[in-house]
Amino acid sequence: MIDSTSTGSLLTVDNLHISFRVDRHTLFEAVKGVSFTIPENSTVALVGESGSGKTVSAMAIMGLLPAESSIVSPQSEIIYAGKNLLQVDSTHLRALRGKEISMIFQEPMSSLNPVLRVGDQIAEVLILHSRMSRSQALRRAEELLQEAGIPEPARRIHAYPHELSGGQQQRVMIAIAIACEPKLLIADEPTTALDVTIQRQILDLIGALQQKRRMSVLFITHDLDVVGEIADHVVVMQDGEIKEAGTAQQIFETPQHPYTKALLACRPRVDRRPQRLPVIEDFLNGSDHAQTERERGVNDADAIVLEAKGISKDFMVRNGIFRKRPFRAVNDVSFRLPKGKTLGLVGESGSGKSTLGLTLMRLHTATAGEVWLDGKNLLAMTNEEFKPFRRRIQIVFQNPYASLNPRFHVGKILIEPMQIHGIGTSDQQRTDMAKTLLDRVGMPTSSLRKYPHEFSGGQRQRIAIARCLTMQPDVLICDESVSALDVSIQAQVLNLLQNLQDEFGMSYLFISHDLAVVKYISDFILVMQDGNVVERANSDEIYRRPQHPYTQQLLAAVPSGWRKKLN
């Protein structure tokens, strides 16, 4: 329980139990007796992995739990302004939501209405709760967009959500949430999968708004490094229970519970690189998680497996109603990828890094350039000539659920590529190979008969990696393959990739906006901005002495754990 004796309590959650109906005879208990307090004018972070119950707890505060499938214990209480929010009627909750308690959801594109202009979506809240006219509400919407840091707010209020970047969409969500000057702002994973610089901007914005408006914030996340930038108090949850709670300084400087220590330790850091990242089980089982440092880097003696020369890629974009113009997404990029090494590709969204990866695989047609493998230019080949080379370059996408066929069970997902490329002499041999690959990526062989939706995000990513391994590739492109995973699952996948590289000698092109992850896995790094490579160096060198202002900006934005907040 958070000690709030020095400041007034705004909201108190006491003995919260929440279960969900799985079927007519089965209940799943998602939240198990959770209690915590949100003091006035402070930020409380609710931290834990997916499935820990943190978002469900926030939904209970907002009164957004599905009535048909959720069961809340009669002994549970959420006290706000002297009333138990679990017992008030829907009219009272509607008056409360948006006006006194508001919420920023994780995925703004799923939360914003795609057919309404953003100004109208902000104005709707003001018209409903503040009784403003539409013209008054739109004027106020423009002011709120400016406060949220949206450039040219007078123009942006007429934009649709799809016309804004991910960071700008999140700022619109923040503008909607603060429109009626709420006393409590709930932010549910508002920075997950955002570029590091955009993440920094959103964190700074929420912190500034909290101080300016004297409101309280319940900040939900799986990343303790992010928490350290913004929180006064921290509540750590696992499997629906609170494992530890205290001030941010207590949690970061003297964590008590093994789970808290694990969350702090399994995140890659820019100042060190262990042989293997510690995982949750190391701490919970009392295993030795001390690790020696892994040396990284490339030199002129390394054998080159893939070489790109002068890669450029143009897209045609609309310029007026009837005209189009070329937009250069990748501009004259060259690099050499040594065998058994990892090339990290770093940059914000729109920098061209994913386009470069797709162009190397001929999933985009290059405008100019060459890609050499075994003395052959892959970009000059016909489709038939390229077919035997296709298996040698594979890609792991950011979202495994979107890249795995939902109608195929895992066995077919793994066996089909082997059938197409003539790997194995019989279906039984291919099935045996699929079982071996599942074991290599830490999945049970029983997974063969299951479908993608039956697995967690981390498990699906392991299956996607196993599918790539069926081709026995020389080069594996990892396109933001761990960016949206919990830090503990991220550590498991990174360890898996490192083990596979050590065992098979594969070369990786690792694409990410997360500089701490790139530092851990990469030998050599290219920094991209607006389609151009602005800096390149061995990974230790680029972090120790960054030369380009853009690289310095990216490194300065990396969350660094707890830092004392200045009031």
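**Close-up views of a pocket and of salt bridges**

**View 1. Lining of the second largest pocket.** Helix H4 gives the most to the lining of the second largest pocket, with five residues. The model is predicted: local features need pLDDT of at least 70, side-chain atom pairs count only at pLDDT 80 or more, and totals for chains, interfaces and linings use all residues. Residues are numbered from 1 along each chain as its sequence is written, and side-chain values use heavy atoms, with hydrogens and water left out. At least two lining residues come from each of strand S7 (101–104), helix H4 (118–130) and helix H7 (166–178). Helices (H or I, at least four residues) and strands (E, at least two) are DSSP runs numbered from the N terminus.

**View 2. Space and residue types in the second largest pocket.** The second largest pocket holds about 510 Å³ of space. It is lined by 20 residues, and the closest to its centre are Arg-97, Gly-98, Phe-105, Val-125 and Ile-176. A pocket is an open set of points on a 1 Å grid over the protein atoms alone, where a 1.4 Å probe fits, with protein on both sides within 12 Å along at least five of seven lines; lining residues have an atom within 4 Å of a point. The volume is the space filled by probe spheres set on the points, which are joined across faces, edges and corners. The lining comprises 11 nonpolar, six polar and three charged residues. Ala, Val, Leu, Ile, Met, Phe, Trp, Tyr, Cys and Pro count as nonpolar, Asp, Glu, Lys and Arg as charged, and the others, Gly among them, as polar.

**View 3. Salt bridge between Arg-273 and Asp-540.** The closest N and O atoms of this salt bridge are 2.8 Å apart. Arg-273 is in the loop between helix H11 (258–265) and helix H12 (280–284), and Asp-540, 267 residues apart from it, is in helix H21 (residues 539–544). A salt bridge is a side-chain nitrogen of Lys or Arg within 4 Å of a carboxyl oxygen of Asp or Glu; the count by this rule is 27.

**View 4. Salt bridge between Arg-294 and Asp-502.** In this salt bridge the closest N and O atoms are 3.4 Å apart. Arg-294 lies in the loop between H12 and strand S12 (304–318) and Asp-502 in helix H19 (residues 487–504), so the pair ties together parts 208 residues apart in sequence. Arg-294 is buried, at 14% relative accessible area, whereas Asp-502 is partly exposed at 49%. Buried means under 20% relative accessible area, exposed over 50%, and partly exposed in between (1.4 Å probe, protein chains only).
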